[in-house]
Amino acid sequence: MPNFIKDNIQKTSNNSSRSIKKLLKQRSLVVALSLLLTGLGASITSISFKTGIYFFNNWRLALLDQFSSIAVLPIFGALGGAIAGYLIKNIAPAAKGSGVSQIMGFLRHKKVPMNLKVGLVKLISGIIAIGSGFPLGPEGPSVQMGGSVAWQMAKWLKAPTAFRRVIVAAGGGAGIAAVFSAPLGGFIYAIEELLNSARPVILLLVVITTFIADSSADIIQALGLDPKAGGFDFNLGFLIQKEYDPSVFFLPVDFIYLVLLGIIIGIFAELYSRYVLLMQNLGKKWYKNKFVLKMSICGFILGSIYSFLPSTFHNLDELQKIIAEQNTSIGIALLAVLVLFITTGLAAASGAPGGLFYPMLTLGGSIGLIMGSWVEIATGHAPSTYIFAGMGAFVAGCSRTPITAMFLAFALTKNLLIMKPVLISCIASFLVARAFNEESIYERQIQIELED
């Protein structure tokens, strides 16, 4: 069945390519406006999402300075889950879940609502849910918000159906580009995961949209939403924005270690995918149509779990930072793997509007830190690329997109030398995970999240 679906997608892509070429000749202004508005819309929604989460999360952390974690986190999680769940259930049910599977479902001709209402509810409910402690990331919602904006722009401009499908995928890639400051990552993601197409005209439309989104996101942040982001300066122009600056040494012997890391993470990534899918199925079975109750209970349980953990775990941005910079112990890294493995599955089971890429990166980085330390103890050699290779490998193993995973890990450092070791682990992880199941976690989520 998956091959049959992919064949249909390929045929549709061929037809879309011809239709778009015709559209470019007859209505080039419509195409140009669609790309511009989609890129701008994806960047505005994505940056607003990140900024909203930042302020909401800071409010939660400020309360933890005044009250004990057991008094704040469970209540915050329960209330945040209930409010987000209420908004989704009563205004836009299509806004639940990661967002990636919704866009993939739409591109596979399933009936998925695509409009600004869905994007707006995703934005507000996602800020509330993630800001109140659900351990999820902004990238999945950014994909859906970008796709929703793209669909609405194309509809207003009365673009043909074939073009709408391509621009929705481009909008999804633009969301990734804006939230990760990774235009190439967003471009490759739209082609590798969403469209499965490499037609020149489609590549051109997608790459223009993702670069517009990334550039406008840098300018928007510099205007006031996040002046310290560093992607743009009004005196110097566009700048290289590095989140981390690791020392990278890539030796020939590292090739063997990186392949082994990829194999181990590939197995772990498939276990994680199956666990998340199991939790989502159990959540649907146990709670059925009681979506608000499900999100509230999950929020309470998640808050209770994190209230007993060290303060580092109360801020997942800080947790990823200390792991990426190796400023923590192996014990904290092991605990991070255990906690994130369990709690992200629980958060996904609730149907919360949040993505899995961000926790995947932290999980992979933690495993890379642990494995690198063990290799150093056993051999005396310390691979300097294990953490970022682990990040990329975990995403590649779950999403079955090794090239996208490489560019996302690269986007965190902007160091070209790190791309080779990351790609080695990504390919090894991808091949191992694919040996267990050809479909990515998102392809398998389509049936679960869109069944209703």
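Leaving out neighbours within four places in sequence, Arg27 is in contact with Leu157, Lys158, Ala159 and Pro160, where contact means heavy atoms within 4.5 Å. Before going further, note that this is a predicted model, in which local features need pLDDT of at least 70, side-chain atom pairs count only at pLDDT 80 or more, and totals for chains, interfaces and linings use all residues. Residues are numbered from 1 along each chain as its sequence is written, and side-chain values use heavy atoms, with hydrogens and water left out.

Back to Arg27, which sits in the loop between α1 (2-26) and α2 (28-66). Helices here are DSSP runs of H or I with at least four residues, strands are runs of E with at least two, and both are numbered from the N terminus. One of the contacts of Arg27 is Ala159; these two residues are 132 positions apart in sequence, yet their C-alpha atoms are 8.9 Å apart in space. Arg27 has a relative accessible area of 31%, so it is partly exposed. On this scale, buried means under 20% relative accessible area, exposed means over 50%, and partly exposed lies in between (1.4 Å probe, protein chains only).

Now step back to the whole protein. It has 18 helices and two strands. Its radius of gyration is 21 Å, close to the 22 Å that the globule rule gives for 452 residues, so the protein is as compact as a globular protein of that length. That radius is taken over C-alpha atoms, and the rule is 2.2 Å times the number of residues to the power 0.38. The C-alpha trace spans about 65 × 55 × 55 Å along its principal axes. Of the 452 residues, 60% count as buried. Among contacts with a separation of 6 or more, 81% come from residues 24 or more positions apart.

As for charge, the mean positions of the 35 positive and 23 negative charges are 14 Å apart. Lys and Arg count as positive and Asp and Glu as negative, while His and the chain ends are not counted. Each charge is placed at NZ of Lys, CZ of Arg, CG of Asp or CD of Glu.

Ser132 lies in the loop between α5 (116-131) and α6 (139-156), and its 2% relative accessibility is why it counts as buried. Apart from neighbours within four places in sequence, its contacts are Phe56, Arg60, Phe76, Gly77, Gly80, Gly81 and Ile127. A polar atom of the Ser132 side chain is also 2.9 Å from the backbone oxygen of Ala129. This is a polar contact: a pair of N or O atoms within 3.5 Å where, within protein, one must be able to donate a hydrogen and the other to accept it, and residues adjacent in sequence count only if both atoms are side-chain atoms.

Follow the chain into helix α6 and you come to Gln152, which is buried because its relative accessible area is 9%. Not counting residues up to four places away, Gln152 touches Asn115 and Leu116. Its side chain reaches the backbone nitrogen of Leu116 at 3.2 Å.

In helix α11 (residues 291-307) you will find Cys298, buried at 5% relative accessibility. Beyond residues up to four places away in sequence, Cys298 touches Phe134, Leu346 and Ser350. Helix α14 (residues 357-379) holds Thr379, which is partly exposed at 43% relative accessible area. The Thr379 side chain reaches the backbone oxygen of Val375 at 2.7 Å.

Finally, turn to the backbone. Most residues other than glycine have a negative phi. Arg400, in the loop between α15 (386-399) and α16 (402-413), has a positive phi near 60 degrees. This arginine is buried, with a relative accessible area of 9%. Lys414, in the loop between α16 and α17 (419-436), also has a positive phi, near 55 degrees. Lys414 is partly exposed, with a relative accessible area of 21%.
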